[in-house]
Amino acid sequence: MPTVVVPLRPGSDGDYAHKPPDNSIWAIIDPPTLYLERVGLQWMQDRDEAKPGIKYVLERLPVGYTLYQRPRANGTKDKYLFGHPNHKYFDSPNRFFPHFKHLMENGGNSIGCPCTICDPRSGVLPGKPPSISGHFSKSSSSASSLSSRRISVATAFKETIATQPVLDNGAVASAKVPLGRPKVMLAGMDATHVDEEGTPDIYRNLIDRLKRHGKLDESIKEPLSLDWRAEQEVIPDLLKKVRRDPQWLPRVGDILLYVRNVPDGFQIAQDPQTGKCLLYDPQSNNFGEKAVWEAGLVSQAPAESAEGEDQWYVGQTGLRMEPVPDPNDTDKSLSKRYTYVAVKHTRPFCLWKDYIGYVPRDKRHPTIQNAFTVSATMSLMGKHRFHGTWPTAYIHCHAIYIGSELIAVGDTVRLVPKAGDDNNVITDVLVVKTIRLRLSNLDDASSNDYDEGRPYNLEIWIYGSGYTVTASRSSKKWLSESNTAIPKSASGYGAWFPLHPPDKELAVPFSRIIGRLYEHDALESWVPDPELDSGRDGVLDARHFASKNDQRIVSNVGTTWFWADSRADALDLQAINGLDVRKYDVQRDPRDWRKSIKTMEAGAAFSDRKPAPHVRSLRRFLAPGTGMQDERSNNSSSSMTTGSKRRIIEVSDDDEEDIRRQTRIVTDVPYKRSKIQVVVD
Ligand SMILES: [Zn+2]
């Protein structure tokens, strides 16, 4: 049965502080499928929007609500929904539904709610939260609480180690090193430096620590940041998909070409006579009218099921596409006209020349122009590790959005030909191993990131294993067991040769990446002459257009890229998947969140706890500091971001050449091997 994910409306009265007694009998049920399915269906029926034969699933519970279960002595499990501000639990989806519906219809406000908790006259009072029941013998309950205590002590110990500085010889600094604050204090909990919303500025805190200790290596955790918590929900799933799925498959956040209304039974096909893309009826073997291509953002990927690739084509649910709005216009209503589209009715945006290249500019759908305009945007995702030796540091990230695509660790990406290459077509790919933000000149920079002083330098480099189809650029000496296999997704393009010895890595600036390498079979179904170079023109032309037309770039003379805090920021979106994001999110009150998060974390090491699920904001995180290679960029000429310095990247066309020449082979690999396995097809 096809599944449709039902997005929530913004607002909730949920309270994370309401939870069962802290003992090992209770377990969180995540995902809370029982509630998501029952409430999702009930809500769609209530709205008269439920269609037969379709399974409806809520995308999540309202913020602050968590489903817990507790086993009975006979083995059955009782499930209770915690989070009501009155600190009373719901014992069934049916009882929760009236409250849920009231929240959805009143922006999260429960005043006047008719449910049995808000208005006890309307039903049976569920009573106080259940405590440890007498079903359990004393010995079993004390044994389990003892073991849980043992676990949390062990984790707290590990946490302490992880946050201590690493000495030159790799050993962890002894406790004699004065840390200046309690050892378990993470940079993300340290309120010495806070951003404009009052969230601790973890990067400044880490830099200060690096300065004190000379050397530092720790994982990045920002338990007090809404954005970080939101991201924790997305990343594990993303990394799983990157390893498992083919690279051509659209990902959430990708911008695609798509055809909104393809009549039943019709296909999109190229008319062999004219080369134009038309709607084709295989039954009558007739070409009909022109296919109208729009540009949209994937806000929801296809429903799960990756058994056979064919299933992606026949999937009924398809992708949720939101038309790309104009970043230069405050009217974002366009992005609300979302639709569900079969994957087979979409194409990667980089192939636009093949599909709409022949259509005069003023005859194209307006979203196409909007997608061009955001083609020179970039945002990092999943910052997870900070390490460095003063005055240089690296922040490792799980993924990066560059223009229309998401690139993640493990992907094989295509590289812009290096300056001076003779035939100027793509011949090289990189299997991404790390995505790094490099902070340098920290010693010369002002220690206040919000003043007008000199900022530190920021650069984004992608590290990995390079391969080429040009045999003459490789050497037999570089061949080893580890680099003779074909890179992921790269079969069908000819023979591959390593670009460097196996113990070295290639590092390239992010702007050299054209996009993911699509599997040859997929590319063949989209363009008549599939090759490594397909779409390169389209990407470079779109970036050039953006650098001249995206007002956020144009208003900062000499810049060619816009570095955004998040994907939503890059595309200047008001909502993704119906959820309000960042500056448009009027209900976002970080102070409330921090309070409840602190309550939740009290008395436990962070890793004992799952991050608070389902934080409403989709904004990812705050990029630190300012644009790279530029001291003038800390003006506030644009109102796009407030408080911190601007994040426009200064890459002029000439610099672009320089950057290409900069591409370098890294000889010493100053970090541990990435844990993420690179899957080789
Ligand atoms: Zn209620």
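Which residue stands opposite valine 259 in S11? I began my notebook with that one, and tryptophan 293 is the residue I found there. A reminder to myself before going on: this is a predicted model.

**Entry 1: the whole chain**

I counted 14 helices and 28 strands in the protein. Of its 681 residues, 43% count as buried. I also looked at how far along the chain the contacts reach. Taking contacts between residues at least 6 apart in sequence, I got 70% that join residues at least 24 apart.

**Entry 2: around S11**

S11 is mostly covered, with 8 of its 8 residues buried. I followed its pairing to both partners. S7 and S11 run antiparallel and are joined by 5 bridges; the valine 259 and tryptophan 293 pair that opened these notes faces across here. S12 also pairs with S11 in the antiparallel sense, over 4 bridges. For glutamine 300, I noted arginine 320 in S12 as the bridge partner.

**Entry 3: helix H8**

Next I asked myself which elements the buried residues of H8 pack against. They pack against strands S7 (255-259), S11 (293-300) and S12 (319-323), and against helices H7 (352-356) and H10 (536-549). I listed the buried ones as Thr367, Ile368, Asn370, Ala371, Phe372 and Thr373.

**Entry 4: a sheet of three strands**

I then turned to an open sheet of 3 strands, ordered S8-S9-S10 and paired antiparallel. Its edge strands are S8 (267-270) and S10 (286-290), each of which pairs on one side only. Neighbouring strands here are turned by 50° against each other on average, direction ignored. I looked at one pairing in more detail: S8 and S9 (residues 277-281) are antiparallel over 4 bridges. On that pairing, isoleucine 268 has leucine 279 in S9 as its bridge partner.

**Entry 5: H1 against H2**

At what angle do the axes of H1 and H2 cross? I read off roughly 55°, with the axes of H1 (residues 33-46) and H2 (residues 93-105) coming within 10 Å. An angle of that size makes H1 oblique to H2. The crossing of H1 and H2 is right-handed.

I wrote down who makes the contact. From H1 come Leu34, Tyr35, Arg38, Val39, Gln42, Trp43 and Asp46. From H2 come Pro93, Phe96, Phe97, Phe100 and Lys101. These residues divide into 8 nonpolar, 1 polar and 3 charged.

I went looking for departures from that.

Two cis peptide bonds went into the notebook. One runs from aspartate 30 to proline 31, with omega near 5°. Proline 31 sits in the loop between strand S2 (27-28) and H1. The other runs from tryptophan 390 to proline 391, again with omega near 5°. I located proline 391 in the loop between strand S15 (377-389) and strand S16 (392-402).

Two positive phi values followed. Histidine 87 is not a glycine, yet its phi is positive at about 60°. I found histidine 87 in the loop between strand S5 (77-82) and H2. Histidine 87 counts as partly exposed because it has 14 C-beta neighbours inside 10 Å. Asparagine 441, also not a glycine, has a positive phi of about 55°. Its loop lies between strand S19 (428-440) and S20. With 13 C-beta neighbours inside 10 Å, asparagine 441 counts as partly exposed too.

**Entry 6: serine 482**

Is serine 482 buried or exposed? I counted 11 C-beta neighbours inside 10 Å, and therefore serine 482 counts as exposed. Serine 482 belongs to the loop between strand S20 (457-468) and strand S21 (497-498). I also checked its separation from aspartate 503, which is 21 residues away along the chain. The C-alpha atoms of serine 482 and aspartate 503 are 9.5 Å apart.

Methods
Residues numbered from 1 in each chain as written. Predicted model: local features only at pLDDT ≥ 70, side-chain atom pairs only at ≥ 80, totals over all residues. Pairing = 2+ DSSP bridges. Axes fitted to C-alpha atoms, helices over the stretch in contact; angles between N-to-C directions. Parallel < 35°, antiparallel > 145°, perpendicular 65-115°, else oblique. Left-handed = near helix turned anticlockwise from the far one by under 90°. Contact = placed C-beta atoms within 7 Å. Nonpolar A, V, L, I, M, F, W, Y, C, P; charged D, E, K, R; others polar. Buried ≥ 20, exposed ≤ 12 C-beta atoms within 10 Å, placed from the backbone.
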